Amino acid sequence: MQAIGKVIKNLNLGKLGIESVKKEKCDVCNYGIKTTVIANGKEQISCKYCEDRKLVESLNIPTTREERALQKLMDKAQHFSQVPENLKGVKLNDYNAVTDTQKHAKQQAVEFITQFDKKMSLVLSGDPGIGKTHIAVAVANALAKKYAVLFLKSTNLLDLIKSSYNSDKYSEMDILELCRDVDLLVLDDLGAEYSKPGDSESWASDIIYKAIDSRLGKSLIITTNYSESLLEQKYGFNGKRITSRMSDNAEKIRIAGKDMRRG
Ligand SMILES: Nc1ncnc2c1ncn2[C@@H]1O[C@H](COP(=O)(O)OP(=O)(O)OP(=O)(O)O)[C@@H](O)[C@H]1O
Ligand SMILES: [Mg+2]
Ligand SMILES: [Zn+2]
């Protein structure tokens with residue numbers, strides 16, 4: 001290979017106004033080759049490596065293996081999440097905390113977001129229309145910008161698993177693994193799904209158990225109309241096993257307030 005300066009001389013690029021070309025290790029990235037071209041009295045500096053990196057940054061393309069894996073998980077979680085249509089854009093700021101328990105729930109939700117450590121959990125229980133799902137969606141939305149967040153009603157989870165039996169796109173294991181692997185799983189309206197009372201080993205309670213069990217040591221948000229003792233009854237054999245795991249590293253808040261659906 002001839003030195004680039006020599007090539008220019010040979011090609012007589014001087015006629016194009018190129019006076020000199022210098023190549024050296026780039027002092028910005030300390031990795032690529034910096035090319036300095038002086039043409040028509042003007043200096044132009046370029047480093048392919050620096051330019052590629054700027055492009056990657058501007059396009060927000062994940063670069064490391066970890067970033068790519070997280071992006072994949074975030075995409076998958078987003079694909080399967082089923083946030084109720086009427087609550088899609090809600091924020092904690094829109095949540096009007098009136099009662100003490102609502103204030104406490106809002107405060108805990110703010111801390112959940114600002115101090116998110118992928119470990120803590122939140123159980124919001126109480127009567128219909130007091131904003132449990134509202135809070136859960138607001139937290140999920142805030143964290144989904146940076147983390148893999150899966151939001152499902154417990155009925156959605158069971159429907160997904162059922163549909164997986166006839167699907168060639170995903171299996172029961174794919175869904176359960178997604179529940180396990182995301183940074184945050186939100187199980188909305190726990191206990192609202194069909195489960196025969198007293199049917200100690202019902203299919204539904206087995207699935208719910210597996211999903212919640214897989215979250216031990218990881219963040220989980222549950223909303224429910226039921227008290228723990230009612231959930232225990234509902235899930236029969238799995239009852240205590242489910243409520244025990246729900247309590248793992250969890251802030252449990254029984255919210256009282258006005259049913260906002262009634263205006
Ligand atoms: N404190 C609140 N401030 C503002 N909006 C609220 C509040 N509580 C509830 N809402 C609104 O009322 C509607 C019902 O709230 P949400 O669905 O969160 O209730 P929920 O507690 O999850 O009820 P359910 O137990 O029936 O699932 C939503 O549109 C929600 O945005
Ligand atoms: Mg709800
Ligand atoms: Zn460079």
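## Ligand 1 and its shell

Helices, here and below, are DSSP runs of H or I with at least four residues, numbered from the N terminus. In this predicted model, helix H5, which spans residues 132-143, supplies the largest share of the shell around ligand 1, namely three residues. The shell as a whole consists of 19 residues, and the closest to ligand 1 are Pro128, Gly131, Thr133, His134 and Met260. Sorted by class, the residues around ligand 1 comprise six nonpolar, nine polar and four charged.

## Helices H4 and H5

Helix H5 also packs against helix H4 (residues 100-114), the two axes coming within 10 Å of one another and crossing at roughly 15 degrees. Since angles under 35 degrees count as roughly parallel, H4 is therefore classed as roughly parallel to H5. The crossing in which H4 passes H5 is right-handed. On the H4 side the contact is formed by Ala105, Ala109, Phe112 and Ile113, while H5 contributes Ile135, Ala138, Val139, Ala142 and Leu143. The class composition of this contact between H4 and H5 is nine nonpolar residues, with no polar and no charged ones.

Ile113, a residue of helix H4, can be followed in more detail. Leaving aside residues up to four places away in sequence, Ile113 touches Val139, Ala142 and Leu143. The separation between Ile113 and Ala138 is 25 residues along the sequence, whereas their C-alpha atoms are 9.5 Å apart in space. Ile113 counts as partly exposed because 15 other C-beta atoms lie within 10 Å of its own, a number that falls between the limits of 12 or fewer for exposed and 20 or more for buried.

## Helices H6 and H8

Helix H6 takes part in the contact through Ser154, Leu157, Leu158 and Ile161, and helix H8 through Ala204, Ile207, Ile208 and Ala211.

## Gln82 and its contacts

Gln82 is placed in the loop between helix H3 (65-80) and H4. With residues up to four places away in sequence left out, Gln82 touches Phe151, Leu152, Lys153 and Asn156. Gln82 and Asp188 are 106 residues apart in sequence, and the distance from C-alpha to C-alpha is 10.0 Å. Gln82 is partly exposed, because 15 other C-beta atoms are found within 10 Å.

## Loop residues with positive phi

Asn40, although not a glycine, has a positive phi of about 50 degrees. This residue, Asn40, lies in the loop between strand E2 (33-39) and strand E3 (42-47), and Asn40 counts as exposed because it has 8 C-beta neighbours inside 10 Å.

Lys118, which is likewise not a glycine, has a positive phi of about 65 degrees. Lys118 is located in the loop between H4 and strand E4 (121-126), and with 13 C-beta neighbours inside 10 Å, Lys118 is therefore counted as partly exposed.

Terms used:
Residues are numbered from 1 along each chain as its sequence is written. Chains are lettered from A and ligands numbered from 1 in the order in which they are written. This is a predicted model: local features need pLDDT of at least 70, side-chain atom pairs count only at pLDDT 80 or more; totals for chains, interfaces and linings use all residues. Two residues are in contact if their C-beta atoms, placed from the backbone, lie within 7 Å. Helices (H or I, at least four residues) and strands (E, at least two) are DSSP runs, numbered from the N terminus. A residue is near a molecule or strand if its C-beta atom, placed from the backbone, lies within 6 Å of it. Ala, Val, Leu, Ile, Met, Phe, Trp, Tyr, Cys and Pro count as nonpolar, Asp, Glu, Lys and Arg as charged, and the others, Gly among them, as polar. Axes are lines fitted to C-alpha atoms, for helices over the stretch in contact, and angles run from 0 to 180 degrees between N-to-C directions. Angles under 35 degrees count as roughly parallel, over 145 as roughly antiparallel, 65 to 115 as roughly perpendicular and the rest as oblique. A crossing is left-handed if the near helix is turned anticlockwise from the far one by less than a right angle, and right-handed if clockwise.
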